[in-house]
Amino acid sequence: EYDLQDDLYFPRDYNAYFFDDVGGKDNGVAIYCKTLPKAIMTGLGFADYDMQGRYIQADFQDLSIGCLLAPTAAADDHDALAHKNQFFELLGPHLQKVRNKRRDYIICGGWEIALDDEDVEDPDSADGQPGFMDTERAWLGELLDRGYADAYRQASDDNAFTFWPDAPDLDDTSPLTGGWRTDLQIVSEDLADLVEHAAIYTGKRFSRHAPLIIDYDLDL
């Protein structure tokens, strides 16, 4: 947050909230709200992860909107892979627990998992890689079977992607290849029918990730 000095990052019509990685190694998370939330929550109650800036949540009357940054891992980094797996082992029970509360959830961000073959441009080469491992895909599939929905798939069947691991520099205009759809908005099942439109914006290249835009028929 302290590196964002330009007014661009603090638009006049929004309330901006940030949760940084204490060690300064990870990106952190942020939420921009036009409507003032009733409360802001940081962290998930996971001792080994909460100071890494992995989760921030804005609470409204009957709705919570979270921003999630899951850990990443490379195939040859066993420590990072174990760290990532432990995070999801904690996250699964947490998401089932909050389902019992009388509110709905939209959790946006980098989930670092692609669920199906159509969510990866080259599923054969991605098979078994972190983000497309059988255990990870099974975890996400079970989550969706137990009261959550992938908002993008409620409104779009397009095989579009949000992340390109091997993308060139931003000023490179060559076509993006090798895409994955790992940036997701996961919603509680009562919100699934309220998704009106879903799109991935690729008109401008901001980073190796593209913005995922979902319109909901909701009033805050």
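Trainee: Which residue stands opposite Ile56 in β5?

Mentor: Cys67 stands opposite Ile56. Before we go on, this is a predicted model, where local features need pLDDT of at least 70, side-chain atom pairs count only at pLDDT 80 or more, and totals for chains, interfaces and linings use all residues. Residues are numbered from 1 along each chain as its sequence is written, and side-chain values use heavy atoms, with hydrogens and water left out.

Trainee: OK, so how do I read strand pairing, and in which sense do β4 and β5 pair?

Mentor: General idea: strands (E, at least two residues) and helices (H or I, at least four) are DSSP runs numbered from the N terminus, and two strands pair if DSSP finds at least two bridges between them. Here, β4 (residues 55-59) and β5 pair in the antiparallel sense, with five bridges. Gln57 stands opposite Gly66 in β5, and the two strands form a hairpin with three residues between them. On another side of the story, β3 (residues 39-42) pairs with β4 over four bridges, antiparallel again. Thr42 has Ile56 as its bridge partner in β4.

Trainee: And how many bridges join β5 to β6?

Mentor: Seven, and β5 and β6 (residues 104-110) run parallel. Gly66 has Ile107 as its bridge partner in β6. With helix α1 (residues 78-98) included, β5, α1 and β6 make a right-handed β-α-β unit. Right-handed means that, with the strands pointing away from the viewer, the path from the first strand over the helix to the second runs clockwise.

Trainee: Which way do the residues of β4 point?

Mentor: In a regular strand the side chains alternate between the two faces of the sheet. In β4, Tyr55, Gln57 and Asp59 point one way and Ile56 and Ala58 the other, and all are buried. Buried means under 20% relative accessible area, exposed means over 50%, and partly exposed is in between (1.4 Å probe, protein chains only). Since five of the five residues of β4 are buried, that strand is largely enclosed by the rest of the structure. Strand β5 (residues 63-69) is also largely enclosed, because six of its seven residues are buried.

Trainee: Is Arg102 buried or exposed?

Mentor: Arg102 is exposed, at 83% relative accessible area. Look for Arg102 in the loop between α1 and β6. Its C-alpha atom is 7.2 Å from that of Asp62, though the two are 40 residues apart along the chain.

Trainee: Last one: how many salt bridges does a search of the whole structure find?

Mentor: Seven, counting a side-chain nitrogen of Lys or Arg within 4 Å of a carboxyl oxygen of Asp or Glu. One of them joins Glu136 and Lys84, whose closest N and O atoms are 2.8 Å apart. Glu136 sits in helix α3 (residues 134-145) and Lys84 in α1, so the pair ties together parts that are 52 residues apart in sequence. Both residues are buried. By way of another example, Arg146 and Glu142 form a salt bridge with closest N and O atoms 3.1 Å apart. Arg146 is partly exposed at 42%, and Glu142 is partly exposed at 43%.
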